[in-house]
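Q: Hi! Could you walk me through this one while I have it open on my screen?
A: Happy to, let's take a look together.

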Amino acid sequence: MRIDGDVMTEGYVRAIGHVVGSSYNDDISSGETAASLRVQYLRKHYALLSAEDKYGRLAVTYFFVSGLALLAIPSLMTVVKIVILFIRNSIGTVGA
């Protein structure tokens, strides 16, 4: 998500600030810039969402690792076949 330009309006930043428990007006008056508040609020919002659903993150991690392992099986089989062919050719040329 971009944090510059018209993509994130001031109203949107205020709404995210409200969700994370910060006051946009108080933060701006304390010397924060609008750009730094955008980043700060987005980081807090992401942390809240991430901590909110631990079981969901565990499930996604499990399925990701399982899928990666399943995708690795054909690659490992190919590597084993190539190594076996390399060993057979190396042994065959040494004895000849």
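A: One definition before we start: a helix here is a DSSP run of H or I with at least four residues, numbered from the N terminus. Also keep in mind that this is a predicted model.

Q: Thanks! Which helix is G17 found in, then?
A: G17 sits in helix α1.

Q: Is G17 buried or exposed?
A: G17 is buried, because its relative accessible area is 0%, and the cut-off for buried is under 20%.

Q: And what is G17 in contact with, leaving aside neighbours within four places in sequence?
A: With those neighbours set aside, G17 is in contact with S22 and Y41.

Q: OK, switching to the helices. How do α1 and α3 cross?
A: Helix α1 covers residues 10-19 and helix α3 covers residues 34-52; their axes come within 9 Å and cross at roughly 45°. That angle is why α1 counts as oblique to α3.

Q: Left-handed or right-handed crossing of α1 and α3?
A: The α1 and α3 crossing is left-handed.

Q: Which residues make that contact?
A: From α1 you have V13, I16, G17 and V19, and from α3 there are R38, Y41, L42, H45 and L48.

Q: What classes are the residues in the contact of α1 with α3?
A: Six are nonpolar, two are polar and one is charged.

Q: Zooming out, how many helices and strands does the chain have?
A: The chain has four helices and zero strands. Along the sequence that reads α-α-α-α.

Q: What share of the chain's residues count as buried?
A: Of the 96 residues, 12% count as buried, and G17 is a buried one.

Q: Last one: what share of the contacts comes from residues 24 or more positions apart?
A: Those pairs account for 48% of the chain's contacts with a separation of 6 or more.

Definitions and conventions
Residues are numbered from 1 along each chain as its sequence is written. This is a predicted model: local features need pLDDT of at least 70, side-chain atom pairs count only at pLDDT 80 or more; totals for chains, interfaces and linings use all residues. Side-chain values use heavy atoms; hydrogens and water are left out. Axes are lines fitted to C-alpha atoms, for helices over the stretch in contact, and angles run from 0 to 180 degrees between N-to-C directions. Helices (H or I, at least four residues) and strands (E, at least two) are DSSP runs, numbered from the N terminus. Angles under 35 degrees count as roughly parallel, over 145 as roughly antiparallel, 65 to 115 as roughly perpendicular and the rest as oblique. A crossing is left-handed if the near helix is turned anticlockwise from the far one by less than a right angle, and right-handed if clockwise. Contact means heavy atoms within 4.5 Å. Ala, Val, Leu, Ile, Met, Phe, Trp, Tyr, Cys and Pro count as nonpolar, Asp, Glu, Lys and Arg as charged, and the others, Gly among them, as polar. Buried means under 20% relative accessible area, exposed over 50%, partly exposed in between (1.4 Å probe, protein chains only).
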